[in-house]
Structures are given as C-alpha cells and as structure tokens.
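Please look over the protein below. Start with one residue, then step back to the whole chain.

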Amino acid sequence: MDWLRRADWLTHERVRGYALLLTFVSIGVLANSYMKAMGPAGTDFLAFWGAGHVVIGGDPAAAYDLALQERVQTGTGSEGWFAFVNPPPFLLAVTPFGALPFPVAWIAWVAITWSLWAWAGIRAFPRLWPLVIAYPGALIAAGHAQTGLLTGALLVLAAHELGKRQAISGAAIGALVIKPHLAVLAPFWLGAAGKWPAFMVAGVTATALVAISWAAFGSETIMAYTTSWRASGALLEGINPDFLRRMTTFYSQARLLGGDIAGLVLAVISGLAACAVALLASRRFGGDARAAGAAVLAATALASPYLFSYDLPFLIFPTLWLVMQGLKHGFRPHEKLVLVLLYFAPYATRALALPVGVNFMPIAALVLLALVWSRGGTSGPGTSRAP
C-alpha cells in the first residue's frame, strides 16, 4: 500500500491548506472554551487571576490562602475555584492580569502567551509557520488558559538558541523556575553538551527571579508558598481515575491501571530513561544542538511524573524538527503518517482518555522520541521528499 508507505499525496500545498483550515476551526473551539470558562464550572485561569488580584490588593501571601482564594475566585460568578500552587516568581507574570476584569484577563493571558509561543515556534521553523499556528497542543493550553504556552515558548526558545546564543537559551531555561519540573533535564542536557555559559546563565536567571520575587512579595509569601505543597499532594492522594486519565505520564497511567507501586516503578524507569537521553543526546547527534534539543524536549514529556496535556506545546519542536529532517533528507516509510498522528496526539489522546479509560500520550511521546533518536548519526535517506 504505497499511498500509506510514501504518502506522496500529502504535499506541501495540502499540508498548508489543512493547517490553515485547522486554524480557523481552532478559533471556534477556543471561543467555546472561553464561554465555558466564563460559566459556573470555572477555569484553571481563575487561580492565576485570583493570585494576581490579591497581589494588586497588597496581600501577595494571600495568593496561597485557599479560603481567601475560594472567596475571590467565586466572586467572579464561578462555582468552581482552583488552588494557586506555582512558585512566587510566577506571581511576577500573573500580577498584571489581576488588575483586569476576569473576562478581559482571560483573553489577554491567552493572546499574550500564545503570541510568545507562536513567535518562538516560527522563529525556530519559519518555513513551517502554518503548522506552528495550527498546532493542536497549543490549542489545548490556550483553551485551559494554563501555563503551557509560556513554558512551551521558553523550552522552544532554549532548544533553538542553544547552538547560537547560549545566553538566551540559558535565560529561557532559568525562567522555567516558574514550573521547574519542566526543566529537570536541563542540567544533564547542558552539562553533557558542554554548554557551560548557558548552564551558568540558567542558574543566575533562576536565582535572580527568586530573589526579585522575594524582594517584591516578602518572606511571608515565600513561606506561604510552602503550604501550597499540601494542596498539590492532596490531588495525588488515593487513585482518582478522572484526574489520572487527564495526566500524560507513564506514572499516572500505570498507577491508574496497576496501583501505586506500578506507578512508582514506571515513573523511575521513565525518568531515568529521559535523563539518559539528556546525557547522550549531544554525542548521538554529533554536537548538533538543535537535534539534541529535539531529543531532550521529546524526553521532557517522559521525565516528570506530573504532566498534563496543556503542558505539551513544547512538543512542537521535536515534531517539526522531524518534518524538517524529512524535507532535507527524505521521509522514511510511513513516517509522514506517523508524524500526522504525533502532531494531533496531544489533542487526540486528551479527547480519548475519559471514554477509553487510559491516556495514550506517554506512548505517543515515546514514539516521538524514538523517531528523533533514530535520526542520529545518519542522514536518514527515505523514499519521499515532499513535505
């Protein structure tokens, strides 16, 4: 079946057309997400807006006060409310939005963070800009008004700039102190690659952001943050099937299907494998920083036991890196169709998780990593050169 093996029908013009069509459809989906966010169920962004709102009011420690946050957030008309569990440096990002009315703040947050993410993605892959703006993984993050677009922009920027401007790359990694489990592979990645300027800038940036937030919000806020760990821990107590199905890690799915021990074992195996990728990527790709970055970002989806579909916009980098390799060296048999499936994986696996009973995103991330890794040390001759 050559039409599947080669997929020559998937031409540049068709891909661009499909991407633009998907973009228009996504606008409608996002509008629906906005309407739901303004409804009684609420939205994750309530936590960010509520935190920024109390900082504007002069009480930054109240960002972590669960009782007060419930009152502030439900004051918008929402029946639901959400704990703010991000580190104090993240307050630097969300505080300005707390000065806006909630409906306006939601739109502003999504527009600004999506623009930053799209800028980073198009900067990395200018030729593939339609695939960047249509990426379903970004749509999920936008619909939740979560952190994934901002952290995705930082990870994509870091991977793109590491081979050219280590200071920019290091600063982007250091800024991930706002969600540090997404940068857990960075020390292994930068150290093994010998990117010491980036390593040092990352450390300085993270330290500076912590110091600035400490100076801006006070010691009471830093101490209050430690109380939020209990809220995070409470989410993982017991086995909540719906919660675990929404997570995109081997830990969550193994725990769902096999219990706590199975989850722990898979978390250790997945984490160690991801660390091994970060340590070996530079050697595998002969010092090609973008190629190694593609491998490390794919592995990032496997490194942490705690990850959701809205955290995954950074996977645009390894996905489109593979597309570029196919354009340069030829696509391997069936690779085009697999890349289509991986492109839609963040959205498809999220949509299937609840009805099917398991989230297949960890498997998709593993396949993505395997494809990136298999491109190392070879030009990857294939059978088709159409995009």
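Ala289 is in contact with Ala159, Leu162 and Gly163, leaving aside its neighbours within four places in sequence. Contact means heavy atoms within 4.5 Å. This is a predicted model: local features need pLDDT of at least 70, side-chain atom pairs count only at pLDDT 80 or more, and totals for chains, interfaces and linings use all residues. Residues are numbered from 1 along each chain as its sequence is written, and side-chain values use heavy atoms, with hydrogens and water left out.

Where does Ala289 sit? It is found in helix H17, residues 289–303. Ala289 counts as buried because its relative accessibility is 12%. Buried means under 20% relative accessible area, exposed over 50%, and partly exposed in between (1.4 Å probe, protein chains only). Leu190 lies 99 residues from Ala289 in sequence, yet their C-alpha atoms are 10.0 Å apart in space.

Now the whole chain. It has 20 helices and zero strands. Helices (H or I, at least four residues) and strands (E, at least two) are DSSP runs, numbered from the N terminus. The radius of gyration is 21 Å, close to the 21 Å of the globule rule for 387 residues, so the chain is as compact as a globular protein of that length. That radius is taken over C-alpha atoms, and the rule is 2.2 Å times the number of residues to the power 0.38.

| Property of the protein chain | Value |
|---|---|
| Box filled by C-alpha atoms, along the principal axes | roughly 60 × 45 × 40 Å |
| Residues that count as buried | 53% of 387 residues |
| Contacts between residues at least 6 apart in sequence that join residues at least 24 apart | 76% |
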